[in-house]
Amino acid sequence: MGRLSRLTAGCAGVAVAVFGTTALLLSLKGAPPDGFLADPAAALVPAGLALLLQATPVVSRNAGRVVHGLAALLTIAAVAICVATFARHTAASVATLLALAVLLLLGHLIRTLMSADRRQRELAGFTDTLAQSMNEAVVARDTNIADRKRAEEALSEHAAELERGNTRLRETNTRLENALTFKNDLTSMLTHDVAQPISSIASLAELLHQDWDDLPDDVRHELATKIDKNTQRLIKMMNDLQLLFRLDMGSVTARRVPVPLHEVAETVVAGSAAGPGEMLIEIDAETSVLADRGHVAAVLQNLINNALAYGVAPTRVTARRHGEQVDLVVQDSGPGIPDELLPNLFGRFMRGAGLGLFIVRHLVEANGGEVRYERADPHGARLIATFESGPV
């Protein structure tokens, strides 16, 4: 596991523990305390310490078992606190349980990274052993000419075998490095992107808990709505991560059937955050593509969410047939995408774009299509997903 990722995860654990302690002290200020375990904010303290333990480097397997065991006990204690306070502080307990779920996922990723790092060190040691064996074989000499020839042939075969082994090791190291890069990026994204909604949920729930009797009904409803929005944001992030893992393992398959684009577009737009007049659908009712219906809906949903988040209304959803293919286009009226972002636009963890466009690319490719970006005239961004045309 990289030092930066371990340090980031450790800092996140300390931050959660400090936040929980601060929220707990604020909730007890000015009132007779019912005990530190009477408030769900107390659960953040053992949860943060558990995450800090997960990021602590260990020098042996026994030490690792002890550290992971302590982390598991702290996590169980955090969950027990939430359960114990559920009847009295339902909203805050639910928000804290969501935060614990994300911290558990982050701890699992940390253990995976440590395991991959250990495997890489073992492979490096094996490579050194092979290299040393090769050097020892090269310096071997035989004074007998016939034996020397046989030895040279054996050494040549041994060298060829070592080279093949080194090639396999290099390929394995490359895969491990890619996996470590992916998991480090994922850890960094979780630490940054998950912190904001968790912090917002915890703060809003704490406000509801402390000032419930003094707040008017409309303010209570507004705070509950904000908690729900942040919760839905976390749920979407977890669903995207689950799909990302399936894509990374190559386990996503497409069941291709004729999909009516106008019908799917109407359903997706109706469920989006677009206001009246912000989304325009310009697709013939007869236009269809040959693809997995769920994949087409997910592609369109991510493209529309991207346009709403980074573009300017109105956003148009159109489709045009050319030959045996159909271009599904989502075009906003904003300034377009900066040139420096274009080379990695559909890559993993594009800064500020989340996982949406990366998932779009893989889902479109799983259905035999492709996705690209074009500048709109006179301004705006055009994201185009091309699928095979359905039956006319």
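Buried denotes under 20% relative accessible area, exposed over 50% and partly exposed in between (1.4 Å probe, protein chains only). Helices (H or I, at least four residues) and strands (E, at least two) are DSSP runs, numbered from the N terminus.

The model is predicted; local features need pLDDT of at least 70, side-chain atom pairs count only at pLDDT 80 or more, and totals for chains, interfaces and linings use all residues. Residues are numbered from 1 along each chain as its sequence is written, and side-chain values use heavy atoms, with hydrogens and water left out.

Within α8 (residues 261-270), the buried positions are Leu 261, Val 264, Ala 265, Val 268 and Val 269. These residues lie on the same side of α8, because they cover an arc of only 125° around the axis, the arc being that of the directions from the helix axis to the C-beta atoms. Exposed residues Thr 267 and Ala 270 are carried on the face of α8 turned away from its buried side.

The protein contains 10 helices and seven strands, and 40% of its 392 residues are buried. Of the contacts (heavy atoms within 4.5 Å) between residues at least 6 apart in sequence, 73% join residues at least 24 apart.

The charged end of Arg 220 sits over the ring of Trp 212, 4.2 Å from its centre; this assignment requires NZ of Lys or CZ of Arg within 6 Å of the ring centre and within 35 degrees of the ring normal.
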